[in-house]
Each structure stands twice: as C-alpha cells, then as structure tokens.
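Keep the 3D view open and follow along.

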Number of protein chains: 2
Amino acid sequence: MTADQADSRIVAAHQAYEDARDVEPRVRARWLEEVAAALESHADELVSLGHEETHLDEARLRFELRRSVFQLRLFIAEIVRGEHLDATIDHADPAWGMGPRPDIRRVNVPLGVVGVFGASNFPFAFSVMGGDSASALAAGCAVVHKIHGGHLRLGIRTADMVSAALAKAGAPQGLFCTVVGREAAERLVDHPLVRAIGFTGSTAGGRALFDRASKRRVPIPFYGELGSINPVFVTQKAWDTRREEILTGYAASFTMGMGQFCTKPGLLFAPVQDPGEVSDLLHRELASKQPSLLLSPALREGFGKALNSVQSASGVEVLVAGDEAEAPRPTVLFIAAQKVREQPEVLEQEMFGPATLVVGYNPGEDLADLARLLEGQLTATVQAEPEEDVSALLTELRERAGRLLWNAWPTGVTVTYAQHHGGPYPATTAATTSVGTASIGRFMRPVAYDSFPASQLPVPLRDPNAWRIRRRVDGVWKEPAVQREDSK
Amino acid sequence: MTADQADSRIVAAHQAYEDARDVEPRVRARWLEEVAAALESHADELVSLGHEETHLDEARLRFELRRSVFQLRLFIAEIVRGEHLDATIDHADPAWGMGPRPDIRRVNVPLGVVGVFGASNFPFAFSVMGGDSASALAAGCAVVHKIHGGHLRLGIRTADMVSAALAKAGAPQGLFCTVVGREAAERLVDHPLVRAIGFTGSTAGGRALFDRASKRRVPIPFYGELGSINPVFVTQKAWDTRREEILTGYAASFTMGMGQFCTKPGLLFAPVQDPGEVSDLLHRELASKQPSLLLSPALREGFGKALNSVQSASGVEVLVAGDEAEAPRPTVLFIAAQKVREQPEVLEQEMFGPATLVVGYNPGEDLADLARLLEGQLTATVQAEPEEDVSALLTELRERAGRLLWNAWPTGVTVTYAQHHGGPYPATTAATTSVGTASIGRFMRPVAYDSFPASQLPVPLRDPNAWRIRRRVDGVWKEPAVQREDSK
C-alpha cells in the first residue's frame, strides 16, 4: 500500500472521528457490542485462519479470541459508567483559599485518529481488535490499524468483520480501518491527523518508530510495548523447600506458546552452583513439550541470532540443548552470577522463542544487588516463602518492572481494573498499560471549561448528570444518585 | 556550575528519593507543611527580593507567593486522601469472564528524581517551589531544580529556605536541591538517574530539551509548557451588545503583568472592518496602564523581535502604537481575516510582552473555520451571548486548547481539582496539566502486584486500608470506612 493510499484512509478515519466524537458512551457501547458479537459468532472461522497463518494451536487461539471479546465488553461497561471521563466539577467559590475561584469543570475528550500496530504473537489480543484498538475506540478515537504481515489474511478478514459490525450498528464509516506494508506504516506515524500510536513489537522496530513520532513537527505520544526479559528470583529458602515445583513451573512458563510471549521468563536467578543439579529435572520436564512452528521465518531467524548471542557470552554453558529448527526444541542456558557482574549486558538480550537463562548465585549473595543489574521489565517474579523478608529485593524490582509476581509465573495476563502491563524502558516507552481498563485513558486528553453557563457545557459536566456517571464535585467524589436508587 | 557538580547533586537527590520513597503520605505531608509555613513566614523578604530582580510589582508577587503556599497545602490534602495512588484491588475470582483471575492490585509509585526548570515570569508559582516542584515532591519524588537566571538570588534564597524546612521536618537531605547554569541544566536532562523533567519556558528552548530527553538511551517524559497565543473569539452578537466591556477586559488582560503571562490573550477575533472604530477606545483604556520594566533584557529583546515580525507581516496595521522601550507601552496590531487566511503563520508568533493582534472578520464569516487555522493553545476564549449556538466553534477550539473560557479572560489560573493548564503542542509537550491537583500524577507510574500474600503487599494495597484512602475494589470505588465514621 502506498503512502497516498494510507493518507486517504487516515483522512476518512478523521472524518469518522469528527462525526463520532460527541456521541454518548451508551451509543458507542452499542457499536462496540456489535463488534464483540461479530467476533464471537465467527470464532470458528477466525481461529482456523489464525492457526493456518501463525501455527499457534487452536485451543490457545480460541482462548485468546474469547479474551479479546471479554476485554471489549469490560471496556464497554467502563465507558458506560463514565470512568474514562474523569469528570471533575469545581463550582465557583468566593472563599477559595488562594482567592475567589470561577466555576471550572474538566472532562477527558478523545485524542482523534490513533494508529495501532498489530503484534505477530497475539493475532487477536494484541492485533486487529486487540487491546490498543479496543481501548482507543472505547476512548472515542478512530483507529487506523497496521495489519501485521505475519497474519495478513486473518487481519484483513477480522478488519472486514469489525467494519461490517460497526456499520450495522450505525457507526460512521471509517471509524476503524486498516493499512498494510512498511510505507503506509511510516505514513501512519507521520500524518498530521494521527494523534497517538499504539505499538507492540521488537525493541529495535519500536524505538525507530518512537523516534519518528518524537521528531514530528507536532510530536505525538507513542505507546510502545517493546522488549522484556521478565526475571524470576528464587530465594534459597524457596529453593530448599520446593525446587522441583519451581523448575516445573519455570519449564512450563518459558515454553508456553513456544516462548513467544512478551512476559516469558527469560531469566531465573537461583542458588545453583553446580548446573548438573538442575539439568536432569529440566531435561525431563522439557522432553514432554511438543515443539511447533514459530510464528514466522523472520522471527525464527531473530530467535537463532539472539540465542547464539547469549550462548557465546563468556561463561555461558548449555544446560539443556535445544535447537534452532523450524519447530525448535527448548534451550536452557546457565551462567554464574559473578560472570554476569562482569558483563551485565548478557541480561539485556531478549531471546524471543523457547530459550531461557539460569543465573546461579552463591549462598548469601545479595539478590537486591543482582536486581540492580537489570533494565526495565514488564514483569519481575519472586519465588519465596511467605515469612521471608525480601523487601529490599521487591523494592529494586518495583523500580524496574510494572508487574510484580509472588510465587506465580508471568505468562498469562488477566484483563481487569487493576492490571498493569507496562514498565520502565525498554519494556514500554511510556508509563502506561496496554492491558486492562486503565488502558483507555492513554487515548484521551483533559479539557477544562472555565465560567461556562450550563447550556453551553458538555453534557457530562452539567449539574444534572444526565449520563449518570461518577464525578468529583468540589473535591468530593459522588456516585450518580439515580443509578444508586436503581441498584438497590 | 559544571556537569560534575550537577552530577553530585543528582546522586544526592537519588539517595534522598530512595530514603523517602516508602514514607507514608501523612509524613510527607508534614515535610511539605513545614515548607509552606517557611515560605509564608518569609513572605516580606521573598517578595522584596523578587521585586528587585523581576520588576514585578509587590502586590502581584505577594499574591503569587500566597498562591504557591495554597497550592502546596492543596497537594498535601490530596496525598493524605491518597487520591494520587489510584489504589485498585481485584480479588482473585475463579468466575471472571475470560477465565479465573489471580489476586491483582495496583498502586502508583513515584518516578524517582525529577528535574524542574523554573520559569522567569512566575518567580514563585512556576519556579523554585512552584507547581512542578510541589507536585513532584507530593508524588514522592526528589527534585533537582534548575534556578532561572532571571531571579538567581531569589532562587537561591528560596531554595535554602525550602531545604532548611525539609531538614527541620526530618526529610532526608537532598530531597530538594538546585543546579545553576546551562551546562548543569543539560546534564539534568541527560543524567540516567533523572526520570522526568518539568519545564516552563519558550517553544524553542523547550523543544530543544524535549528532543534531548527523547533521544536518551532511556527516554524520559518531558512535561514542557512552551508557547501559546490564547485566542479570543467575539461573536457579532456579543460585539453588538457589549463591545466596550469586551475591549476594556481585553486591554486589562493582555497588559496584566506587562503581558508576560503564558495565558495572555494574544489574538482577538472580532467583527471589525474599520480598525478606526476600536482604536479610540483601546487608546483610552491603554493610556491609563503604567508601563514597568520587563523581566529581563533578554526577554525584552525577544519581545521586540516578535513584535517586529508580526508587524511586518503583509496587511498588518498598527491600531495602538506602543514601543520597545525598557518599560514598553502596549501595542495593538490589526489584520483582516482574509489576510490571515493567506498567511496563517501570522497566528503562530507569540509576542511575549504587552502586545496583541486584533483579527477583523467580515459579517457572516465562519468562526469555526477561522479557528481551524490555529495551532495548539493553553486557552481559547469565546465572548458570546448565552442563547447563541456556538457549538461548532467550541468544538474546534476544544480540539486546539486545554482550557476553554466563556465571557471571561484567560489570565489568572486558579489552582483547583478541575483545573487544566496544558494543551495540544506547542502549548505543552504532553497532554497533562502543570496546575491543579491532577499535576501530581505526572510524576508517578503504576505497579501491579500479582498473587501477593497480604504480608508482602505495600500498605495501601492491603485489605485493612490502614492509610484510609479511597480505593477501587473489584470494580467498585469504596470510601475508607473509618474516615467516614470520623467525619460524621
């Protein structure tokens, strides 16, 4: 697709945004419900197409689609409650502490057209109608989606389905549309009518687009989810207590989806001096995993390079020898913590695929100190016993990760109100989440109305609260009165 | 100050941040209250020093200091209520729609060391202990403040007072410190331990630092408030009804503080065909304004250049002739709307000082269409009659400004819960506010805790709610029970 063709899609999306920006959340909710229903009713077709193109197994794809549909409905409920508007009303107050204040009210409004780059590894949850698209549409934006080449047919089919559903529900044409190919993708980041980008992909590709977005005459926010190694720290006590359980969980988590998860545990810090003491167990666990094709030849090539790079670092041993075949068998590498201190960059290489690195630390070694060697992460995990004091380690991990886990595994990200999927760079390029209801706010900006008469205010800011949303009034949060009575 | 000297301040600030990051909001509140009390009790000295260096009149400086102290106390109350934490708790739920969910909880944590660049035009409200510093400290960050050369002695004196107050209250040393000069300023933007920048200043200077922050190996958020022209649109009806009142308000607003406000109305769109019909009234109004010295010689030079640039644009006439003296008399320029359409860039030149441009439009001309010629703004104002339908104009202005005003003037920004001081680029570099309680959130990031036992969770996320803060629990916002009983 040429840049000119991308232009006309973007202009159409902007027109749709203008037609839709002032629509009541309940109406937007109906549009999105139509999309959810369409995805649901075409699950068989979509899953089968997705399997053909991505080699991900059907059960996983079916779950992923269900998750995407659930996510859309969670966002629908959120905007009907008006949570995303953050409506705030300060009535005029002649006795305000710094001097008389005028009537001032604030509400979030959508940014405009949002460009969304689909990820290869989640053809539903982080692609066409994945988290970025769903949250941008829920926010009131129009979406121009860059279809990932790794599942082009699925992308086009899903997009057609989404467009048809939106049209059927009465949404303006162009509210959701797509572009394909590199030239169109770059145009998407450059176009003056595009007001934000959602991206999930590699650190190199994401950083290049972030730089592009930042260099624009009018820079735009670039919400990029790039790379993460997702370290796991096992305390001596946990290791002594349940070593087998931990290694079993580890083996399952890093091979899930052939290791092609952004939350795959790529590092395990454990009190291992003799690599031999864990290799038997890992061998046994991993022998039962059935390898399958990776997402694409390009990804396989990248996996091979990354694996070789880590493997050739000084002091790295092979614990479980896998391979770089089309359907690679999993690899476990080992390095001693003191060798890591000499070359901490070995902790920065993401191996996107079924490989992971065990870092063996010595008895009494300071785990918090090891944690300081890490870059920004999506997740960091502690395997410890409940009564242990690991607060120093947790504090260091909190500085470096967006989600901390306790005696759990990072793969599998539930979509909820509290979820946070994002972390210090390079995990993400902004301190925001791309999963959960909090992701909607990324695509909005606040506008204050100063000294407005009621008749000229936007509906959510008028005293009567016709949309029945939660609002902060003169500093105090108020639930909508009518809704409360209803819910009794 | 050398880059090395800046380094040691930054390292000290980071140590203080580490020592203070987990302190309870009530303790942090006591530290900040000590700062507020110190500023208050030294008002005479600070105001007098400020007047010497900035030439701003004492009444204005006294009000500005009072505003800064009020702001600090408003933020104190906000963090004690825990509003900034956005604490969210989702208990484990085996029946969750997308599949069983683990216990997951989220809280905002401070970013770390924040660099704050003081503005020349508000030596209290946007300088040493102005909005950026106050919100960053309230968020739990440490602040390294770059003192503006325009009020160096005041800056140093204020900073000493702030440091002494923090020490007296028991805060760790280095939680607030300063740097001076260009080399140290650049180091502040580059240093790996600095996690965000707050800036108020010119578009050129701000953009250069924004680019610097974006190009870092680890990019950081740059909250810059750059340039804004703050257009005012007068409808035909308002003009017919109260032309004199409008021109009087306009003259007072654009000359306030010698026009050195970021919210100064720099453009007035009015149905004026013959410039002569307004010049008499403006002459009369402006004759009564007593000119005073501008903030600095550098600023005066910039004002002269900007004024000449607008004045030399094709079709620009002088309505009221001022000058570029050390204490310049105000200037009003005029241009017809059709000439603006040929060269819309004439609307982009901020004249920081006592000068403004009247744009005369023809009867029946589409104001929304004229609004589309504008760049991003901090404010946009409509002067209209209550019964008029100006929704198309308001919509265009909403797309381009962060605060809309109705029959009011943009100078004077109250500090409240609903306030928003920020707008599309170049007004600001991010869709955030630098005024009001919402500014605190800029300096925090969310962290989620997945599957944690109660004893290992941070206090604000434990079920008992010891800090008595408002939290969202399983999707429903809950007021702290104990506080409710107290407040009865």
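**A strand under cover**

Keep in mind that the model is a predicted one. In a regular strand, side chains alternate between the two faces of the sheet. You can follow that along β12(A): Ala355(A), Leu357(A) and Val359(A) point one way, Thr356(A), Val358(A) and Gly360(A) point the other way, and all are buried.

Who are the neighbours? β12(A) pairs in the parallel sense with strand β9 (residues 267–270) of chain A, over four bridges. To find that pairing on screen, look for Ala270(A), whose bridge partner in β12(A) is Gly360(A). Strand β11 (residues 331–336) of chain A also pairs with β12(A) in the parallel sense, this time over six bridges. Val359(A), you'll recall, is one of the buried residues on the side of Ala355(A) and Leu357(A).

Now move to another part of chain A, where five strands make an open sheet in the order β5-β4-β3-β6-β7, with parallel pairing. At its edges sit β5 (176–179) and β7 (222–225) of chain A, each pairing on one side only. Going from strand to neighbouring strand, the average turn is 20°, direction ignored. Zoom in on β3 (residues 113–117) and β4 (residues 142–146) of chain A: they run parallel and are joined by five bridges. Val113(A), for instance, has Ala142(A) as its bridge partner in β4(A). A helix lies against this sheet too: α1 (residues 3–20) of chain A packs on it, touching β3, β4, β5 and β6 (194–200) of chain A. The direction of α1 makes about 155° with that of β4(A).

Time to zoom out to the whole chain. Chain A has 15 helices and 17 strands. Its radius of gyration is 24 Å, close to the 23 Å that the globule rule gives for 488 residues, so chain A is as compact as a globular protein of that length. Along the principal axes, its C-alpha atoms fill a box of roughly 75 × 55 × 50 Å. Buried residues account for 57% of the 488 residues in chain A. As for contacts in chain A between residues at least 6 apart in sequence, 75% join residues at least 24 apart.

Next, bring in chain B. The contact between the chains takes 54 residues from chain B and 54 residues from chain A. On the chain B side, the elements that give two or more residues are α4 (58–80), β1 (88–90), β2 (104–110), β14 (401–406) and β15 (444–450) of chain B. β15(B) gives the most, with six residues. By class, that side has 27 nonpolar, 15 polar and 12 charged residues. Strand pairing crosses between the chains as well: β15 (residues 444–450) of chain A and β14(B) pair in the parallel sense over three bridges. Look there for Tyr449(A), which stands opposite Leu404(B) in β14(B).

How do the two copies relate? A rotation of 180° with 0.0 Å of shift along its axis superposes chain B on chain A, with an RMSD of 0.0 Å. The two copies are thus related as by a two-fold rotation axis. In chain B, the C-alpha nearest the axis belongs to Ser214(B), 3.4 Å from it. The same surface serves both copies, as 100% of the contact residues of chain B recur in chain A.

Methods: Residues numbered from 1 in each chain as written. Chains lettered and ligands numbered in written order. Predicted model: local features only at pLDDT ≥ 70, side-chain atom pairs only at ≥ 80, totals over all residues. Pairing = 2+ DSSP bridges. Axes fitted to C-alpha atoms, helices over the stretch in contact; angles between N-to-C directions. Contact = placed C-beta atoms within 7 Å. Rg over C-alpha atoms; globule rule 2.2 N^0.38 Å. Buried ≥ 20, exposed ≤ 12 C-beta atoms within 10 Å, placed from the backbone. Nonpolar A, V, L, I, M, F, W, Y, C, P; charged D, E, K, R; others polar. Least-squares fit on C-alpha atoms with pLDDT ≥ 70 in both.
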